[in-house]
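Student: I would like to learn how to read a structure feature by feature. Could we go through one together?
Tutor: Gladly; here it is.

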Amino acid sequence: MNLEQARFNMIEQQIRPWDVLDSEVLHLLSVVKREDFVPLAHKSLAFVDMEIPLGHDQVMLAPRVEARMLQDAAVKKHEKVLEIGSGSGYMAALLAHRAQHVISLEINPELAALARSNLQKAGIHNAEVRNVDGAKGAPAEGPFDVIVLSGSVAEVPHTLLSNLKVGGRLVAIVGSEPVMRATIVTRTGEADFKTSQPWDTVAPRLLNFPEPSHFKF
């Protein structure tokens, strides 16, 4: 398999047609080696338009979804980022290239260890993986400039929104199957937030976040 050709095809055929046009994002996708974050058993699927199983009922999101979320987060070099759901560490690696510092929370200890190891091998030193349940709230280092949820939630918890700086952005996939929306929440003031939902997708749930009751009288 010609890795560079496969990477080029992924960017040109999956990611660019999904309105990912930010030249910095596209460049990052060409230099951060996605295949190094894919479990050995699934290496041949590294550039395929699909979610890749990581074990423990967790997955790497499809490349176009990761790329679009990265573009929407619009991280700047001076910014501090919180990610919830490290998985294999790939999104943390992408974020780290754009941010000053990334704290990534992973509930599963084996995946946390995998993400840590993958980031170390990739020579990324400004991303820190913690084996913590991200649904329990953000770490004390907040507030953050950017919060990225690498999985879906039924609704965005207020505890996370309160951990955004004014001007900060939260990027998540929100809703329930069959319809979920990519959701960008910008904190515009102490008690003011602006929300946009620019595209639809479906992604597996992050664990332990609240599910609204669908029971109606």
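Student: Which residues does M69 touch, not counting residues up to four places away in sequence?

Tutor: First, the ground rules: this is a predicted model, where local features need pLDDT of at least 70 and side-chain atom pairs count only at pLDDT 80 or more, while totals for chains, interfaces and linings use all residues. Residues are numbered from 1 along each chain as its sequence is written, and side-chain values use heavy atoms, with hydrogens and water left out. Contact means heavy atoms within 4.5 Å. By that rule, M69 touches L61, M91, V148, L149, V171, A172, I173 and W199.

Student: Which residues have the most contacts inside the largest nonpolar core?

Tutor: A nonpolar core is a set of buried Ala, Val, Leu, Ile, Met, Phe, Trp, Tyr and Cys residues joined through side-chain atoms within 4.5 Å. Buried means under 20% relative accessible area, exposed over 50%, and partly exposed in between, using a 1.4 Å probe and protein chains only. Here the largest core has 50 residues, and L29, M69, L94, L95 and L119 have the most contacts inside it. Its largest share, seven residues, comes from helix α4 (residues 90–98). Another core lies apart from it, with 17 residues that include L82, L160, L161 and V174.

Student: Which residues of α2 are buried?

Tutor: The general idea comes first. An α-helix has 3.6 residues a turn, so residues three or four places apart point the same way. In α2, the buried residues are V25, L26, L28 and L29. Seen down the helix axis, they fall within an arc of 160 degrees (taken from the directions from the axis to the C-beta atoms), so they line one face of α2. The face turned away from that buried side carries the exposed residues S23 and E24. Cover for the buried residues of α2 includes α1, α3 (63–73) and α4.

Student: How many aromatic pairs does a search of the whole structure find?

Tutor: A pair of aromatic rings is described by the distance of the centres and the angle of the planes. Rings of Phe, Tyr and Trp (its six-membered ring) pair if their centres lie within 6.5 Å; planes under 30 degrees apart count as stacked, over 60 as edge-to-face and the rest as tilted. The search finds two pairs. One of them joins W18 and W199, edge-to-face, at 5.2 Å centre to centre with 70 degrees between the planes. W18 lies in the loop between α1 (3–15) and α2 (23–31), and W199 in strand β9 (residues 193–201), so this pair ties together parts that are 181 residues apart in sequence. W18 is partly exposed, at 22% relative accessible area, whereas W199 is buried, at 5%.

Student: Which charged end sits over the ring of W18?

Tutor: The test asks for NZ of Lys or CZ of Arg within 6 Å of the ring centre and within 35 degrees of the ring normal. R64 meets it, with its charged end 4.4 Å from the centre of the W18 ring. K80 likewise lies over the face of F144, at 5.5 Å from the ring centre.

Student: Which strands pair with β6?

Tutor: Two strands pair if DSSP finds at least two bridges between them. Strand β3 (residues 80–84) pairs with β6 in the parallel sense over four bridges, and L82 stands opposite I147 of β6. Six bridges join β6 to strand β7 (residues 164–176), also running parallel, with V174 in β7 as the bridge partner of V153. Ten of the ten residues of β6 (residues 144–153) are buried, so this strand is largely enclosed by the rest of the structure.

Notes. Helices (H or I, at least four residues) and strands (E, at least two) are DSSP runs, numbered from the N terminus.
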